[in-house]
Amino acid sequence: MLSEAMPPDSRVLADLFSLAADPDRLDWQPFRPGVEIYSLYKTDPTGPAAALLKYAPGATVPAHDHSGYEHIIVLSGSQQDERGVYPTGTVVINPPGSGHTVLSEAGCIVLIIWEKPVVMRSTS
């Protein structure tokens, strides 16, 4: 039994795994072309952050490297990178020093937790 009130910056997202059935219940914001974000928290520019990402069919996140751990939980649809395809229910943990390019051919929603910010690779 919880008897204490939640701190003001706490968030509760009920029934997260059914989000694909009603994604418009959240206030998604533009993130990258074809990808929207719903931020859960961000401590500062160099610290941890967590968000939900919603990929439109065919959307990508360009090549980037991980300065800290990145945890991804695929809530609906599937996404892929150079190592494989990750369907609903998959947990992907990318360690510091790793990197990838992400694609979602059919679209997806993921929960993503960054220990530290990602570093986008230069395109030049």
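Reader: Which residues have the most contacts inside the largest nonpolar core?
Author: This is a predicted model. In it, the residues with the most contacts inside the largest nonpolar core are Val-35, Leu-53, Tyr-55, Ile-72, Val-110 and Ile-112. The core has 17 residues.

Reader: And which elements give two or more residues to this core?
Author: Those are S2, strand S3 (49-55), strand S4 (59-66), strand S5 (70-81) and strand S9 (108-114).

Reader: Why would nonpolar side chains be buried together?
Author: In soluble globular proteins, nonpolar side chains tend to be buried together.

Reader: Take Val-110. What does it touch?
Author: Leaving out residues up to four places away in sequence, Val-110 touches Ala-51, Leu-52, Leu-53, Tyr-55, Ile-72, Ile-73, Val-74, Leu-75 and Gln-79.

Reader: What does the second core include?
Author: The second core is separate and has 11 residues, including Leu-40, Ala-50, Leu-52 and Leu-75. Two of those, Leu-52 and Leu-75, are also touched by Val-110.

Reader: Changing topic. How many aromatic pairs does the structure hold?
Author: The structure holds 1 aromatic pair. Trp-28 and Tyr-38 form it, edge-to-face, with 6.4 Å centre to centre and 65° between the planes.

Reader: Where in the chain are Trp-28 and Tyr-38?
Author: Trp-28 is in the segment before S1, while Tyr-38 is in strand S2 (residues 35-42). They are 10 residues apart, and the pair links distant parts of the chain.

Reader: Is Trp-28 buried or exposed?
Author: Trp-28 counts as buried, because its relative accessibility is 8%. Tyr-38 is buried too, with a relative accessible area of 16%.

Reader: What sits over the ring of Phe-31?
Author: The charged end of Arg-32 does, 5.7 Å from the centre of the ring. Phe-31 also turns up in the lining of the largest pocket.

Reader: OK, the pocket. How many residues line it, and which lie nearest its centre?
Author: The largest pocket is lined by 28 residues, and Phe-31, Ile-37, Trp-114, Pro-117 and Val-118 lie nearest its centre. About 380 Å³ of space lies in this pocket.

Reader: Which strand gives the most to the lining?
Author: S3 does, with 5 residues. Among the elements that each supply at least two residues of the lining are S1, strand S8 (99-104) and strand S10 (118-120).

Reader: Now the segment before S1. What is the phi of Asp-15?
Author: Asp-15 has a positive phi of about 55°, although it is not a glycine. Asp-15 is in the segment before strand S1 (29-32).

Reader: Why does Asp-15 count as exposed?
Author: Because its relative accessibility is 53%, and exposed means over 50%. Phe-17, which is also placed in the segment before S1, counts as exposed at 61%.

Reader: How many residues apart are Phe-17 and Ala-50, and how far in space?
Author: They are 33 residues apart in sequence and 16 Å apart in space, C-alpha to C-alpha.

Reader: Last one, Ser-98. Where does it lie?
Author: Ser-98 lies in the loop between strand S7 (91-94) and S8. Ser-98 is buried, with a relative accessible area of 15%. Not counting residues up to four places away in sequence, Ser-98 touches His-64, Asp-65 and His-66.

Notes:
Residues numbered from 1 in each chain as written. Predicted model: local features only at pLDDT ≥ 70, side-chain atom pairs only at ≥ 80, totals over all residues. Heavy atoms only, no water. Helix = DSSP H or I, 4+ residues; strand = E, 2+ residues; numbered from the N terminus. Buried < 20%, exposed > 50% of the residue type's maximum accessible area, 1.4 Å probe, protein only. Phe/Tyr/Trp six-rings, centres within 6.5 Å; stacked < 30°, edge-to-face > 60°. Lys NZ or Arg CZ within 6 Å of the ring centre and 35° of its normal. Core = buried A, V, L, I, M, F, W, Y, C linked by side-chain atoms within 4.5 Å. Contact = heavy atoms within 4.5 Å. 1 Å grid on protein atoms, 1.4 Å probe; cavity = no way out; pocket = protein on both sides within 12 Å on 5 of 7 lines; lining within 4 Å. Points joined across faces, edges and corners; volume = space filled by probe spheres on them.
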